[in-house]
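Colleague: I am new to this structure and would like a close look at one part, the place where the two chains meet. Please take me through the charged pairs there, and then through those inside each chain.

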Amino acid sequence: MILERHESFQRMIDESLAGAISADKEQSLREHLATCALCKEYLGASNRVIASLNGFSFEVNPNLNANVLAALRQQTRQPSRRRILLRHHVPLRVLAAFAGALSMSITGSVIVYQVAKLLTVPMHFDTAQVQAGVAVFWLLPSLCAALCLFAAPGENRGIA
Amino acid sequence: MESDTRRIALGLRHKDVAVLEILVGRYQHRLVRYLVSLLGRRDGVDDLVQETWLRILERGGSYDEHSRFEPWLFRVARNLALDAVRKQRMFSLDSDVEDGVRSLPASNKPSPYALAARTQDAERLAHSMQTLEPVYREALVLRFQEDLSLQEISMIVGAPVSTVASRIYRGLAMLRTQLEVETA
C-alpha cells in the first residue's frame, strides 16, 4: 500500500518533468516531496539524467553555416519554376482567355445552330449551308471577339 | 515572442536571405543536435541540415506566425530525415515500439554520443543514448534539451500527446536505471 503510494507520486514526478501535470497534482506532489526521502531521491535521479542530457555537445562542422548560406543565396537568385513558366511559356492570362472564349463560342454556336435549323424549311436552306453559315458568320467572329476581349488589359474592358 | 515570429514569417514569405541568415545562426546547432538524436549518427546530418534550410526557404510561406519557429523547423527536418531513412531502408523510426524499433547496428566507430559527452554522467550515458530506441531518444531530446512542450513535440512527431508523454517516462526510466548501474 505504501509502495503503491510512492509509485503514484513517482508517476507524478515523471508527469511534472514532462510538463503533463495539473496544478492540483503539482501542489500535492510538492507537499509529499517535503516529507518523503524516497521520492526526493527519485526526483534527484531523474534530474541527474536530465542534466546528463545537457552534457552532450555536438560540434557543428565549421563550414556548414557558410555552405548552407551559399546554397540559400544561390536558390534565391534562381527564378522559381512558376516564374520560369510565365517568362518562357504562354502567360496564364492568355490561356484563361482562350479557354473562356472557346467555351463561349461553342455554347453560342450551338444555340445559333439550333435556331438556324428551325429556319431551314421556311428559308429553303439545307443543313450543310446552315453549318457553313454558323461557322463563318458566328463561330469564327465570336471566337475572335472573345479572345480580344479576354486578352485586353483590364482597363480596356472596364476592370480597374 | 509574437513580434519575433511575425518578423520570421514575414522574412520567410519574402524569401529574405538576411532573415534566413539570422535563423541559421540561431538554430543550426539545435538542428544538428536534433537530427543526430533522431538518426543516432553524424553521417549525412550536414546534408539534411542543408536540405532542411532549403525546404524552409521553399515552403516559408506556410509558416504560421502564431506558433514558435522551432517546432516547425524540427518537423520539416524530421520529414526530410524520415524520407532519407526510408530511401536508405536502414531502419524505421516510425515503427511501433512494441513491434521493435531497431537501433543502429553496433559499429567500431565511436558513437556521436561518446564523442559529444562533456561531463562524467554524459560519458556514462553515452552508450545508453546510442542504443536507446530512436522514438524515446527523440522525445527526451525535444523535451529536455529543446525545452518544447508536449503539444509541440506531439505536432513534430505526429503522435498523440499521451504517446509522447509515455515515451518520455519510459526513456527517462531506462536512462535512470542505466545511470544508477553505471554509478554503482
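Modeller: Between chain A and chain B the count is four salt bridges. This is a predicted model, and side-chain atom pairs are counted only at pLDDT 80 or more. One of the four salt bridges joins B:D121 to A:R48, with 2.8 Å between the closest N and O atoms. In general, side chains of opposite charge can pair when their charged atoms come close.

Polar contacts also cross the interface: the rule finds 16 residue pairs between chain A and chain B, both residues of each pair being at pLDDT 80 or more. On the side of chain A that touches chain B, the elements giving two or more residues are α1 (2–18), α3 (37–53) and α4 (64–77) of chain A. Of these, α4(A) gives the largest share, ten residues. Sorted by type, the residues of that side of chain A are 16 nonpolar, eleven polar and six charged.

The contact as a whole draws 33 residues from chain A and 43 residues from chain B. About 3700 Å² is buried between the two chains, and carbon and sulfur atoms give 67% of that area. Three residues, A:L53, A:F56 and A:F58, supply 21% of the area that chain A buries against chain B, more than any other three residues.

Now to the pairs inside each chain. Over all chains, the structure holds 21 salt bridges. A:E15 forms a salt bridge with A:R11, the closest N and O atoms lying 4.0 Å apart. Both residues belong to helix α1 of chain A and are four residues apart, about one turn of the helix. A:E15 counts as buried because its relative accessibility is 11%, under the 20% cut-off. A:R11 has a relative accessibility of 43% and therefore counts as partly exposed.

A:E15 also forms a salt bridge with A:K25, where the closest N and O atoms are 3.3 Å apart. This pair links distant parts of the chain, ten residues apart: A:E15 sits in helix α1 of chain A, and A:K25 in helix α2 (residues 23–33) of chain A. A:K25 has a relative accessible area of 36%, so this residue is partly exposed.

In chain B, the side chains of B:R86 and B:D83 meet in a salt bridge, with 3.4 Å from N to O. B:R86 and B:D83 are separated by about one helical turn because they stand three residues apart in helix α4 (residues 69–88) of chain B. B:R86 is partly exposed, with a relative accessible area of 47%. B:D83 is partly exposed as well, at 35%. Elsewhere in chain B, salt bridges that share partners join B:R30, B:R33, B:R68, B:E70, B:E146 and B:E152 into one network.

Helix α3 (residues 45–59) of chain B has 15 residues, and the distance from its first C-alpha to its last is 20 Å, close to the 21 Å expected at 1.5 Å a residue. The buried residues of α3(B) are B:V45, B:L48, B:V49, B:T52, B:W53, B:I56 and B:L57.

Methods
Residues numbered from 1 in each chain as written. Chains lettered and ligands numbered in written order. Predicted model: local features only at pLDDT ≥ 70, side-chain atom pairs only at ≥ 80, totals over all residues. Heavy atoms only, no water. Contact = heavy atoms within 4.5 Å. Buried area = accessible area lost by both parts, 1.4 Å probe. Polar contact = N/O pair within 3.5 Å; in protein donor to acceptor, adjacent residues only side chain to side chain. Nonpolar A, V, L, I, M, F, W, Y, C, P; charged D, E, K, R; others polar. Expected span 1.5 Å × (residues − 1). Buried < 20%, exposed > 50% of the residue type's maximum accessible area, 1.4 Å probe, protein only.
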